[in-house]
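Hi there,

Here is the structure I promised to pass on to you. Have a look at it first, and then read on for what turned up in it.

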Amino acid sequence: MKRGILSLVALLGISSGAAVWAQSTDELVIVRPSDPVSLDAQEETTAPGAWVFGNVIEPLITLNADMEIEPRLAERWEFVDDTRLRFYLREGVEFHDGTPFNADAVKFTWDRALFSDPPGRWASLAGPIAAVEVVDEYTVDIVAERPYGPLLLTSTMVYTGVVSPAAVERLGDDYARNPVGTGPFEFVEWRTNESITLEANDDYWRGRPDLDRVVFRTVPEAGARTLALQSGEADMLLKPNPADLASFESSDEFDVLAATGLRVFYLGFNLERSPLDEPLVRQAIAHAIDVPGIVENLLEDAATVPTSVISPGVLGYADMNLDERYPYDPDAAIALLEEAGFTQNDDGIMERDGEALTLQMLPAAGRYLQDQEVAEVIQEFLRQVGIQVELNVFEWATTFTQLREDPLQYDMFSFGWLTTTADADYTMYSNFRSDQFPPDSWNSWRYANDEVDALLTQAREETDVATREDLYAEVQAILAEDLPAVPIYNTIEVTVVGSDVEGFEAHPIEYNLDLYPVSKAE
């Protein structure tokens, strides 16, 4: 099987050539694999949208590349008590439409997501927020229903960027394609599946950006993105092909910037569908997939082998010992399937009660690092132990929408989960509590365990960090046994830029693409 992966890598490889930089110094052209679902954080909680609207709207506070909290629209903050977080806002800031930024706008943004019908997609990630209360024009309180350990980190999420109430009310549904915030860049145009253009905010409160214009171009094919950067048609490459990184690193024409990421890409099981509701079948699939081989040979070490459902950089991480529990062992996989009542027919396909073991999979494609290729490799690994997998491949927006449907019509899916706050509650509560099913939340595997429910509730209400870490370690130990998903890789967030691009810093949180400090040399 290793030879098959290497062959696939070779087919995807693109030889490098000399770069000819033709873009003007005031414009930054970025190539990335997929178009957003929306430019409204109310509807879009994935990177293709966040990369754009994160430069248009701004949160009260943010996490920098060193994972330190920095002020943005709030100058300072304090806990009034265990449930009340007070922000003191910047004065004199205006939205791009000329309307004033103030505490009412903060309340409008949070209320819109948390208490509208339906709520915003980030509502289930924000925790038990009871109210957002205006204290005065430039002071606002975020109030939790009960003590909530991650409350401050929740306020760093890019989705919480404050929107112009006047623009939302004026544009209605059209706001999703015309975001208005206070950020360093203003929205200009979105040509679906082609490009999105932003221009500098001349009146930005931190000072005008050096760049006049930013253009995000959607280029699904990895080879075409590589060639766009090499030819000088683009200045920045997001989601580079791993096979091309060595060439970029050896060239004086490019800089490869990387940060250890907080995303885990996984194969998820729909626990409401037979036979994946059976632990033996899920364990067999885990043994059938050579995870280290995928990371080494397909991803060419542009990612790391995962050790849990959350990244080691997340508060609450614990090693689930997946390599010891589920090493690559096709014979063990076959034995577990036989224990579950399956037998191999003359064609090598597993059968039970006269029915072949065929699974429908919804793979991400063009969204994450080598995601479709990973799905195809998983398909082959499972074929080798007698499991037939049919891949249902769509463009990203369609895949995302189908993944959020209830009930889910697929047996398996691949997806990448990013812990945007660097706190385990963000991932654990929304993904593994039994009352957090789509479309309102993110438990796409339909996992339910009363003990896990209790531990997750206790962990989010605890304020002592060490105690919270112990509670999350208990949860991860249970998940290692129940196995609602098989982690496939941990991300390394890699961006390639032309050598004339200055000021950009790779961020552990994929969504945080800060273009304000970026400039291009004369």
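Predicted model: local features only at pLDDT ≥ 70, side-chain atom pairs only at ≥ 80, totals over all residues.

Residues are numbered from 1 along each chain as its sequence is written, and side-chain values use heavy atoms, with hydrogens and water left out.

**Around Leu125**

You will find Leu125 in the loop between helix 3 and strand 6. Helices (H or I, at least four residues) and strands (E, at least two) are DSSP runs, numbered from the N terminus. Which residues is Leu125 in contact with, leaving aside its neighbours within four places in sequence? They are Tyr148, Thr154, Met157, Tyr159, Trp417, Tyr426, Ser430 and Trp442, where contact means heavy atoms within 4.5 Å. Look at Ser430 in particular: Ser430 and Leu125 are 305 residues apart along the chain, yet 6.5 Å separates their C-alpha atoms.

The loop between helix 3 (103–115) and strand 6 also holds Pro118. A cis peptide bond, with omega about 0°, joins Asp117 to Pro118. Another cis bond runs from Ser274 to Pro275, with omega near 5°, and Pro275 is in the loop between strand 12 (254–269) and helix 8 (279–288).

Next, find strand 7 (residues 139–144): 6 of its 6 residues are buried, so the strand is largely enclosed by the rest of the structure. Thr139, Asp141 and Val143 point one way, Val140, Ile142 and Ala144 point the other way, and all are buried.

Two strands pair if DSSP finds at least two bridges between them. Strand 5 (residues 84–89) runs antiparallel to strand 7 and is joined to it by 5 bridges; here Arg84 has Val143 as its bridge partner. Strand 6 (residues 129–136) is also antiparallel to strand 7, with 6 bridges, and Asp136 stands opposite Thr139. Strands 6 and 7 form a hairpin with 2 residues between them.

**The cavities**

How many cavities of 30 Å³ or more does the structure hold? There are 3. On a 1 Å grid over the protein atoms alone, a cavity is a set of points where a 1.4 Å probe fits but cannot get out, and lining residues have an atom within 4 Å of a point. Grid points are joined across faces, edges and corners, and a volume is the space filled by probe spheres set on the points.

The largest cavity has about 240 Å³ of space. Its lining is made of 20 residues, and Lys239, Glu493, Val494, Thr495 and Glu510 lie nearest its centre. Strand 20 (residues 485–498) gives the most to this lining, with 5 residues. By class, the lining has 12 nonpolar, 4 polar and 4 charged residues. (Ala, Val, Leu, Ile, Met, Phe, Trp, Tyr, Cys and Pro count as nonpolar, Asp, Glu, Lys and Arg as charged, and the others, Gly among them, as polar.)

Lys239 lies in the loop between strand 11 (236–238) and helix 7 (245–249), and its phi is near 60°, a positive value in a residue other than glycine. Is Lys239 buried or exposed? Lys239 is buried, with a relative accessible area of 14%.

The second largest cavity has about 80 Å³ of space. Of its 13 lining residues, Thr45, Tyr159, Trp417, Trp442 and Tyr511 are the closest to its centre. Strand 19 (residues 412–418) gives the most to this lining, with 4 residues.

**The nonpolar core**

Finally, the largest nonpolar core has 165 residues, and Ile285, Ile488 and Leu515 have the most contacts inside it. Such a core is a set of buried Ala, Val, Leu, Ile, Met, Phe, Trp, Tyr and Cys residues joined through side-chain atoms within 4.5 Å. Strand 20 gives the most to this core, with 7 residues.

Enjoy exploring!

How values were computed. 1 Å grid on protein atoms, 1.4 Å probe; cavity = no way out; pocket = protein on both sides within 12 Å on 5 of 7 lines; lining within 4 Å. Buried < 20%, exposed > 50% of the residue type's maximum accessible area, 1.4 Å probe, protein only.
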